[in-house]
Amino acid sequence: MKVVKFLIALAACALSVQVATAQSSPAPAISSDCSNEAIAEMIRKHRTSHSRDVMPPANLATKFKADFPGASDVEWEVADSIYEVEFDVRFRDWKAYYDVEGNLLMTVEEIYRSELPAVVKNAAETKYPKYHFEDIDRIRRGTEVFYRIEMELRDTEVELLVQSNGTITEEKIDY
């Protein structure tokens, strides 16, 4: 019985170290070469264009490795001159978007509910008090930070895009 309790305590400790390590990994700086509006337009065009899997040019691969040295399961796509890379860092899903010059335009990082700023969490809970949080992403685009929050209540799903000040800017409901 003591061995079982010891193993449970050891596993809990290892998990808390992994979570703390994952939370402490800083994201690389977003390029300041483009305005927030220009980046939003580039990403919009990228998402509405046909993408294809690619091997990135050497300069992008080098920049990516410097920006995300712990990345694994890396997959690259390109559309409308924007490179999208999906990867994992310490058990978290990430996406990063680069232009052809290697400028980091945007990142999307899967986060835990406990990492949401209180004002963002309160905005979502106030709007949908009975719903529970499903998936949460922190989106850094230019100088802006947004949170994409997916919430559920039975068969209804809601997706919110919330600014870091708690303002809900987009809302999609799927019944």
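Student: What share of the 175 residues in the chain do buried residues make up?
Tutor: Buried residues make up 37% of them, where buried means under 20% relative accessible area, exposed over 50% and partly exposed in between (1.4 Å probe, protein chains only). This is a predicted model, in which local features need pLDDT of at least 70 and side-chain atom pairs count only at pLDDT 80 or more, while totals for chains, interfaces and linings use all residues. Residues are numbered from 1 along each chain as its sequence is written, and side-chain values use heavy atoms, with hydrogens and water left out.

Student: Thanks! How many helices and strands are there in the chain?
Tutor: The chain has four helices and nine strands; these are DSSP runs, with helices (H or I) of at least four residues and strands (E) of at least two, numbered from the N terminus. From the N terminus on, their order is α-α-β-α-β-β-β-β-α-β-β-β-β.

Student: On to charges. How many salt bridges does the structure hold?
Tutor: It holds 11 salt bridges, each a side-chain nitrogen of Lys or Arg within 4 Å of a carboxyl oxygen of Asp or Glu.

Student: Which residue forms a salt bridge with E41?
Tutor: That is R44, and the closest N and O atoms are 2.6 Å apart. E41 and R44 are three residues apart in helix α2 (residues 36-48), so about one helical turn separates them. E41 is partly exposed at 33% relative accessible area, and R44 is partly exposed too, at 43%.

Student: And what about E109, which residue forms a salt bridge with E109?
Tutor: E109 pairs with R138, the closest N and O atoms being 3.2 Å apart. Because E109 lies in strand β5 (residues 104-110) and R138 in strand β6 (residues 132-141), the pair ties together parts that are 29 residues apart in sequence.

Student: Are E109 and R138 buried or exposed?
Tutor: Both E109 and R138 are buried.

Student: Where are D137 and R148?
Tutor: D137 is in strand β6 and R148 in strand β7 (residues 144-153), 11 residues apart. They form a salt bridge, with the closest N and O atoms 3.4 Å apart. D137 is buried at 18% relative accessible area, whereas R148 is partly exposed at 21%.

Student: Last topic: where is D53 placed?
Tutor: D53 sits in strand β1 (residues 52-53). D53 is exposed, with a relative accessible area of 64%.
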